[in-house]
Amino acid sequence: MDLAEFLRTAWESIVNNKLRSLLTMLGIIIGVASVIVMIGVSAGTEAAIEERITGLGSNLLFVQSGFVRFGPGERSVDFTAAVGQAGGGLVYDDAFAIAERVEGVVAVAVEQSSVQTVEVGSVSLDSIAIVGSTADYPSVRDMTIEFGRYFTQQEVDRKQKVAVLGQSLAEELFGATDPIGQTVNVGGTKLRVIGVFEQRGLVSGVDFDSQLYTPISVVFQKFTPSRFARIIGDRVRMIYVEVESPENVESAIQQIGLLLAKRHEVSLEEADFTITTQQDIIQTQEATTSAFRNLLAWVAGVSLIVGGIGIMNIMLVSVTERTREIGIRQAVGAAPTDIRWQFLTEAVVLSLAGGAIGVLAGVAGTWLFGAVSNLRTVILGSSVLLAFGSAAAVGIFFGFYPANRAAQLDPIQALRHE
Amino acid sequence: MSILQTIGLSKTYGEGDVSVRALEEVSLSIETGEFVSVMGPSGSGKSTLLNILGCLDRPSAGRYLLDSVDVSQMDRAELARIRNERIGFVFQSYNLLPRTSALKNVVAPLLYSRNHGRTKDEKLAIARQAMESVGLGDRLEHQPQQLSGGQQQRVAIARAFVTDPAFILADEPTGNLDSQTGQEILSLLAGLHRQGRTILVITHSEEIAALTDRTIRLRDGRVERIVRNWSNSDTQAVDEVRNGSR
């Protein structure tokens, strides 16, 4: 018998037992579909995260107070308190030192934040993040002003009481009215609105649109006053350093490290600051999502194996049920190889048919998942191939044992089988 | 010229004290074109002989020459090829492939053939011809369960001779049929015999045995006697009784 004949026989046997064939394929269908959906969802998430992190601004270094490690969902941990009010941590002047002394630095922005209640007329919003920063902040963080303007370094130096609003904050406070020129009351301090940012969205767990931005000097004076400020300078949470090009990143990290260690009079080993790069954050995120994806792939793989065992089970039943048929085929001259091929083909055709249905279900499922949830999904050609290939492999692997059993049947006993 | 010859054929099941000798030193030969019946009470070794002559089983000892080729020590794959090319089976219970059309049943042996000389269309044409010669040219696409017992047995006979085998081995071919249908099947077999085919029929029925040229009677795993049915073999040379029970 040639392959075409085996395929025809297999197809007839599958069509003759529609319900049983469908139930057999179900395991494979679910396995293949889940591989595709899971990979689609995690790859989509990964792409979205990477895109957003890259959107933070390129060639950016983050210098943070304390021993903070960057990781998803834990980025605004403030170690200043733990380190102690008097010792350690970044101060405002560190930023100027970096700007002056480190080569290849394009821009430096400083951030110190506080949480306050913001009021406009009868509208009062609790727990609004007040981000004190310097003039370069929008440029290093890749943010764009939609209306009005950002404050200048002069306004920072002169402690001008001005504010720039995130988009959703502006909407909540002012609704349809133009916020420019209006006054907001932030924790008892009146600030004049001079600009509104374009929508930015959630990046690494921070909602840029719900924050209020004001000169860092105002934050020092009004919201985070310190008794030690006169002696050691104003404490800041974070210094953003933008370097010229990716090649400058390594040397900038070294120079900043040495410079700050010297200024803080500590050794590099016990530094009271941490320098991270964009790349570090992306890598951390990738490590997390790829671990997640691996887990999903394993779960999906297990379901494929379960599907394969289902195929083996049904094929064994089928061999027993068709023992007499096997005997007849042997009597008219089917060799053990012919019988083996017949059942192996049937198992593989079942798996491939299940795989094909699973691919359709998986693609549809991924699309549906993307449509109804706000998660991004990507259908990867490689995942479709992987899933389909594993289905075929599962069919061959789990089809072999039943096919071999069929081939080993004794013709006399098979013919006598009722 | 003998198409089939056995020399001291023995079959033992099991080993040591529990061993059963199903066949002992059976030597017989069948000539080309002969119509031979095998008879014997149950336990006489009929089935064992059928299995060995049908190349479904191998003898424990002795030789089995099919067309002068010793097939007694062949492996399973080689035996399958012999069954495919040299032997046509007709069973008591028809043994057609279920859910498979009559035509596909008849063409099956040709599809399993290791001889790749013919195209599939040619094979189907041969199968169609065989179906016509058993009078079922209008039942090609019927499934076995849509056919009567007699029709199913005709399909089985068509399947048996479609490969032009060395001999047809019929095991109680009328056992499941009423007497009239049984007669039809027997005359079909007799017709094949007249066309020059070698047929070996295993039966309980004296009536059927009487229709054949010779009857081999088995008892306790041995050939008891071989009887020539004179009325049927007037053209055949006198055959001496070989190897009766000693």
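Start by selecting helix α4 of chain A, residues 92-101 (helices are DSSP runs of H or I of at least four residues, strands are E runs of at least two, and both are numbered from the N terminus). This is a predicted model, where local features need pLDDT of at least 70, side-chain atom pairs count only at pLDDT 80 or more, and totals for chains, interfaces and linings use all residues. Residues are numbered from 1 along each chain as its sequence is written, with chains lettered from A and ligands numbered from 1 in the order in which they are written.

On α4(A), pick out A:D94, A:A95 and A:I98, which are buried (20 or more other C-beta atoms within 10 Å of the residue's own, with C-beta atoms placed from the backbone). They sit on the same side of α4(A) because they cover an arc of only 105° around the axis, taken from the directions from the helix axis to the C-beta atoms. Now show what covers them: β2 (90-91), β3 (105-120), β13 (238-243) and α10 (248-264) of chain A are included (contact is C-beta atoms, placed from the backbone, within 7 Å).

Next, where do chains A and B touch? The contact takes 17 residues from chain A and 19 from chain B. On the chain A side, colour α1 (3-16), α12 (323-331), α13 (336-372) and α15 (411-416), which each give two or more residues. The largest share, 4 residues, comes from α12(A).

Finally, hop to chain B for an open sheet of 4 strands, ordered β2-β1-β4-β5 with antiparallel pairing (pairing takes at least two DSSP bridges). Its edge strands are β2 (20-31) and β5 (69-70). Zoom in on β1 (residues 2-13), which pairs with β2(B) over 8 bridges, and find B:T6 opposite B:L28.

How values were computed
Buried ≥ 20, exposed ≤ 12 C-beta atoms within 10 Å, placed from the backbone. Contact = placed C-beta atoms within 7 Å.
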